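Let's take a look at how aromatic rings pair up in a protein. Keep the structure open while you read.

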Amino acid sequence: MVGKDVIRRRRQRAASYNWDEDRLSDLTDDLLLDILRRVDTRTALGAAALSSRWASLPRELPALDLKVTDMLPPRYHRLHLLRHNARESKISSTLPDRWWLDDITGRYERHAMRAMVRSVKGLLASGAHRRVERLSLEVFAYDTSACINRLVVDAVDSWGVRDLEVVATPTGPFVFPDPPPYSFPYGLISRNPDESRLRSLKLANCLLPPLQGFTALTTIVLRDLPDTTPAATYEGVVAACPQLQVLHLVSCQFTSRTGRVVLDAPMSEIRELLLDGRFMVVELRSLPKLESLTSLRAGVVLRSVATAPCLARVSLAFSVGRLEGDSFAATHRRHRDSLIRMLVEFFQAALSVKDLVLRFTGPDMLIAPKNPFSATMPNLRRLLVADVPSSWDVSWPRLLIVAAPLLESLYVHVSHGEDEPSQEIPSSPSAFWRHRHLKELVVVGFQKTERQLRLARFAVEVSTALRRVTLLKHGHVLDKGPCCDWEVVSQQSAWSYEEKLAVLDGIGCSTGQIEVVLC
């Protein structure tokens, strides 16, 4: 009986409800804009068809994100994965199978690109006055639609865009696995660069347009440029934008007779430089205001101490293949030797560095038998040695303790693998030598091995200012920025009383002298 009363009341409320009432339009413009900001740009632009009031709201959106991949159905992504696996020979396939995959995925891509072009044309045809802070655009690399370039030009010249990002997704038939990069029609992103408000430009797999005249441009990120790119292209970026403060070159290649990109800009404002590319070598001759340098697999050459006198934060990451018992062992050894020479020259010129991150990896010890840190690092205060393979002599950072007389904090992160232990680092200072500034030692991934104990014992024996030793069984280093912006994330672990005594005895330390934290 109760159930029938509930159903009757629901029917009465439904009968009395005014279905023509538009409660959504009763919301304030601020609430409606907040709703539009939470959906993708295509949906937000489509909302303009609801009413004349909704039509004006998308004009006030501070950011537009137009991505061709948002217009592709789920089936495309499954077929694209199949095509990739066939291309990489991860699955067995015949040539007709690959042609069929090319044909189907290509058809989806063309339909998606046509749909995006229609959206862009509708956006441009509205003629509405807009004020957009950020425009993010993703197209297929083979597209040459003029309206795409018109959108970019209008956004930079008329809408006052400050942050522009253009990503050209590489795709194409199986017989052309590496399509050429995207080229802006007419090669321009602005008709009046002198009047532009553009401050950040990010391009992925796109040929670089002329940048002369963009006086407000302070950040440039270039990604996935091919090996046909002349070195002068990268050098021209620095020359054309003397006000540039941040420059990132990610997975970029180049062609040059000298085999390197030369950055010589005495009037440059560059403060942050990131280089990521296995085949990239950059020679720094003059960047007087450079403060932060990150190199991921890229070679960096500092000409002299005067090249970057303000350089304070450096992050270097390199990996070398197996040095013995491999068909490419000789090539790997030559790579190792050239890398050691580069590091020696680098640290002889980088005397102002205060914050250093090193990530050296590989199946064999990278720094043996030569020591690339024989030069003194007189201003180094904080050091992170990350991703040290457990097969290496984990105590090798003691070379850095000796080379950095003002070092205050040392963090060592050990990554565990199954490789056999490699050779040890025999070098050690005089028995009377002491370090007077090291206050903190943190070892992440501590497993009580003899080499790990040797590192902690060395720090305890030579450091007269040491106050805290932290040994973490589990944890990792979380990168929070492009250079020297990181933190240690630890996981609590249980230590038995016997384990604690063994560690304290192994490092020659009593809790009364130095605080030892085991977790």
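Searching the whole structure turns up seven aromatic pairs. Keep in mind that this is a predicted model. To describe a pair of rings, you need the distance of the centres and the angle of the planes.

**A tilted pair**
- Phe318 and Phe360 make a tilted aromatic pair, with 6.3 Å from centre to centre and 40° between the planes.
- This pair links distant parts of the chain, since Phe318 belongs to strand β12 (residues 313-319) and Phe360 to strand β13 (residues 355-361), 42 residues apart.
- Is Phe318 buried or exposed? Phe318 has a relative accessible area of 5%, so this residue is buried.
- Phe360 counts as buried too, at 2% relative accessibility.

**An edge-to-face pair**
- Tyr411 and Trp486 have ring centres 5.0 Å apart and planes at 75°, so they form an edge-to-face pair; the angle has to be over 60 degrees for that label.
- Here again distant parts of the chain are linked: Tyr411 sits in strand β15 (residues 409-415) and Trp486 in strand β19 (residues 486-491), 75 residues apart.
- Tyr411 has a relative accessible area of 15%, so it is buried.
- Trp486 is at 9% relative accessibility and therefore counts as buried.

**A cluster, and a charge over a ring**
- Which residues do ring pairs link into a cluster? They are Phe318, Phe360 and Trp396.
- Trp495 has a charge over its ring: the charged end of Lys473 sits there, 4.7 Å from the ring's centre.

Technical notes:
Residues are numbered from 1 along each chain as its sequence is written. This is a predicted model: local features need pLDDT of at least 70, side-chain atom pairs count only at pLDDT 80 or more; totals for chains, interfaces and linings use all residues. Side-chain values use heavy atoms; hydrogens and water are left out. Rings of Phe, Tyr and Trp (its six-membered ring) pair if their centres lie within 6.5 Å; planes under 30 degrees apart count as stacked, over 60 as edge-to-face and the rest as tilted. Helices (H or I, at least four residues) and strands (E, at least two) are DSSP runs, numbered from the N terminus. Buried means under 20% relative accessible area, exposed over 50%, partly exposed in between (1.4 Å probe, protein chains only). A charge sits over a ring if NZ of Lys or CZ of Arg is within 6 Å of the ring centre and within 35 degrees of the ring normal.
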